[in-house]
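User: Hi, I'm new to this one. Could you walk me through it?
Analyst: Happy to, let's take a look together.

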Amino acid sequence: MCMAVIDHAATSRNTTKHIHFVTHHSVSSHTIRRHSQQSGMPARSPLLLLPLTGNQKSLRHQWCDDRRTWKTEWSDIVFTDESRFCLQYHDGRIRVWRHRGERLLNCCVMHHHTGPSPVIVIWDGIGLHCRTPVVHIGSTLNS
């Protein structure tokens with residue numbers, strides 16, 4: 001368990017090897033997972049983030065500050081989102097050891113590849129009193 005606290009990306013198998021190397025006692029990886037679950041630090045998916053530049057962060061804060069006092073204006077706005085699902089590399093089975101509330105710690109965040117790869121794109125929009133239909137975009141898109 002100590003290894004998981006130090007290295008959030010340590011696997012239970014690597015932790016068992018480390019324990020055996022240090023103490024010369026065998027412990028199963030299942031025991032490591034069970035003890036971490038009981039102590040409130042189960043393996044969870046890391047937060048996936050695209051790194052933002054200082055300018056991007058500043059612009060986001062400015063956007064929010066400019067709209068802080070809006071009340072009726074929100075009824076005229078439709079938010080749209082385009083979700084990309086990569087078909088090539090990330091299978092979602094990567095886990096990190098962390099306690100609740102540690103999601104945003106740098107050691108629990110995994111930055112991921114942003115290069116070209118085959119994807120499925122879904123587009124949708126939502127407003128205060130409306131919704132757009134979900135659209136599946138099957139062809140290649142470029143700006």
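User: Which residues of H2 are buried?
Analyst: The buried residues of H2 are Ser12, Thr15 and Thr16. Buried means under 20% relative accessible area, exposed over 50%, and partly exposed in between, with a 1.4 Å probe and protein chains only. This is a predicted model, where local features need pLDDT of at least 70 and side-chain atom pairs count only at pLDDT 80 or more, while totals for chains, interfaces and linings use all residues. Residues are numbered from 1 along each chain as its sequence is written, and side-chain values use heavy atoms, leaving out hydrogens and water.

User: Why do the buried residues of H2 line one face?
Analyst: Seen down the axis of H2, they fall within an arc of 100 degrees, so they line one face of the helix. That arc is taken from the directions from the helix axis to the C-beta atoms. An α-helix has 3.6 residues a turn, so residues three or four places apart point the same way.

User: And what is exposed on the other side of H2?
Analyst: Arg13, Lys17 and Phe21 are exposed there.

User: What does Thr16 touch?
Analyst: Leaving aside neighbours within four places in sequence, Thr16 is in contact with Val27, Ser28, Ser29 and Ile32. Contact means heavy atoms within 4.5 Å. Thr16 has a relative accessible area of 11%.

User: How many residues does H2 have, and what follows it?
Analyst: Helix H2 covers residues 12-23, which is 12 residues. After H2 comes His24, whose phi is positive, near 65 degrees.

User: Zooming out, how many helices and strands are there?
Analyst: The protein has 4 helices and 7 strands. Both are DSSP runs numbered from the N terminus: helices are H or I with at least four residues, strands are E with at least two. The order from the N terminus is α-α-α-β-β-α-β-β-β-β-β.

User: How much of the protein counts as buried?
Analyst: Of its 143 residues, 17% count as buried.

User: Switching topic, where is Arg100?
Analyst: Arg100 sits in the loop between strand S4 (96-97) and strand S5 (109-111). At 72% relative accessibility, Arg100 counts as exposed. The C-alpha atoms of Arg100 and Met41 are separated by 7.4 Å, although these residues are 59 residues apart along the chain.

User: Last one: where is Phe79, and is it buried or partly exposed?
Analyst: Phe79 lies in strand S3 (residues 78-86). With a relative accessible area of 44%, Phe79 is partly exposed.

Definitions and conventions:
Expected span 1.5 Å × (residues − 1).
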